[in-house]
Each structure stands twice: as structure tokens, then as C-alpha cells.
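Please report on the side-chain packing and charge pairing in this model. Keep it brief and tied to the residues.

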Amino acid sequence: MEKFTVLEGIVAPLDRANVDTDAIIPKQFLKSIKRTGFGPNLFDEWRYLDHGEPGMDNSTRPLNPEFVLNQPRYRNARILLARDNFGCGSSREHAPWALLDYGFRCVIAPSFAEIFFNNCFKNGILPVVVSNRIVEDLFSRVDNEPGFAMRVDLAGQVLALPDHTRIEFEVDPYRKHALINGLDDIGLTLEKSELIVRYEQHRKAVAPWLFSQGD
């Protein structure tokens, strides 16, 4: 998993509440478990004017000019600004895979669905929870300032805006450690490999019959 320390990027505003995982990546794209290749179908039903299916050449599909990610000023955005309850619905891990494959490393919202929130950390995305008042101000700033970008400093737990405004946010220390060091669940377990080996050696000494191969 790629480390997350400091992220600088353009902010794209998705001005909708209760965005569910089927909107983030529709169900017909869930057949693959490769974790990559989902970016072109992120928000597929909103992003294109036709119905998307796996295997289609997305470069030839008609784009919805009204959808935010199709507007030139937001096409290289790396930070997504959203509303309440982002990532609700089914627990599909494909949702953070699609966001990450598109290029988003951070999502800012007043609240997230719990499973989606957890899946973000497991896949290298930082979900930042801030108040509704701050979100409203950020939506206004993004709308009125073309090219609006910010700096997300995970170590310092702060969002740094162009006018030098600093917005602090909270993050669980364990999840912060995992993101900064690029560790998924397996990587976090391997950090304890010496303790695991020591425990197995102890168990083999006190209960050798558990490790016998039989005749």
C-alpha cells in the first residue's frame, strides 16, 4: 500500500448527501477482484450519458457535461469534498478501489458510513471528518476559486488552505500509523512477526503434540 504523508491537490466538490457505494462503483463492475482498473467507471451512472458495462471502451462513451468530474477544472483532482453519510449502502470494497484508481487519496465529509470509512484506511485513502460548517465553507471556496487546492498533512493532522487557514482534524493513532507507513492489515501483522515466531516457539515447547505431523 502506498504511504500517505502529505498530499497536495485540487479539490473536487461532490455536492450530494448519502452517496452510496452503488453510485461510487455500480454493481455490474464488481466481478473483478484485482483492485485496479475501476477508475474509468467511478461514478459511472453520473459520469456518462449511456449505460456502462464491463469491457466497454470508456474513451468513446458520451460524457455528462454537468457532472463535476467531467468539468476541466476538476479533472486532475486528488481530494474529494462530499456531504453527509458518504459511502453508505453495501459494504463493497470496490468503492475505495475505484476512488483510488481514479486518483483520489483523500475524501473530506461531515460523516461517512462506517464500513466504507474503515475500508478507506485499509486501501490507502484518508477519510477526513470535519464539521458541516467547515464543509459549507469549503464548498463555497471551491465554487468561487477556480483551481482551489489544499495541502493535507496527515502527520500534523491539518488541512492547509491557500490563504494559510489551517483546519485540524482527528484520526485514530493506529490508522494514522498504518497510512503513514503504507501498511495494510497484512503489513500491520508482519510488524509483529518476531512476537508471532516467539509465541509459536513457546507453544511448541509447552504443547508439542499440537505440532506433531502424525505417522
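Where is the place of R47? R47 sits in helix 2, residues 44–47. Helices (H or I, at least four residues) and strands (E, at least two) are DSSP runs, numbered from the N terminus.

This is a predicted model: local features need pLDDT of at least 70, side-chain atom pairs count only at pLDDT 80 or more, and totals for chains, interfaces and linings use all residues. Residues are numbered from 1 along each chain as its sequence is written, and side-chain values use heavy atoms, with hydrogens and water left out.

R47 is buried but has no salt bridge. Buried means under 20% relative accessible area, exposed over 50%, and partly exposed in between (1.4 Å probe, protein chains only). A salt bridge is a side-chain nitrogen of Lys or Arg within 4 Å of a carboxyl oxygen of Asp or Glu. For R47, the nearest side chain of opposite charge is D44, 6.5 Å away. Lys and Arg count as positive, Asp and Glu as negative; His and the chain ends are not counted. The R47 side chain does reach the backbone oxygen of L42, at 3.1 Å. Leaving aside neighbours within four places in sequence, the contacts of R47 (heavy atoms within 4.5 Å) include L63, N64, F67 and Y102.

**Salt bridges**

Side chains of opposite charge can pair when their charged atoms come close. The whole structure holds nine salt bridges. Three of them are tabulated here.

| Pair | N to O distance | Separation in sequence |
| R141 and D163 | 3.3 Å | 22 residues |

R83 is buried, at 15% relative accessibility. D15, R83 and E136 are linked in a network of salt bridges. R61 is buried at 5%, and D44 is buried at 1%. R141 lies in helix 5 (residues 132–144) and D163 in the loop between strand 6 (158–160) and strand 7 (166–168), so this pair ties together separate parts of the sequence. R141 is buried at 13%, whereas D163 is partly exposed at 42%.

**Aromatic pairs**

The structure holds 10 aromatic pairs. Rings of Phe, Tyr and Trp (its six-membered ring) pair if their centres lie within 6.5 Å; planes under 30 degrees apart count as stacked, over 60 as edge-to-face and the rest as tilted. The W46 and F67 rings have centres 6.2 Å apart and planes at 50°, so the pair is tilted. W46 lies in helix 2 and F67 in the loop between helix 2 and strand 2 (79–81), so parts 21 residues apart in sequence are tied together. W46 is partly exposed at 21%; F67 is buried at 2%. The Y102 and F104 rings have centres 5.2 Å apart and planes at 20°, so that pair is stacked. Both Y102 and F104 are buried.

In helix 4 (residues 114–122), the buried residues include F116, F117 and F121. The buried residues of helix 4 pack against helix 1 (21–24), helix 3 (94–102), strand 4 (126–129) and helix 6 (173–180).

The largest nonpolar core has 59 residues. Such a core is a set of buried Ala, Val, Leu, Ile, Met, Phe, Trp, Tyr and Cys residues joined through side-chain atoms within 4.5 Å. Among the members that touch the most others are F86, I108 and M150.

Note on methods
A polar contact is a pair of N or O atoms within 3.5 Å; within protein, one must be able to donate a hydrogen and the other to accept it, and residues adjacent in sequence count only if both atoms are side-chain atoms.
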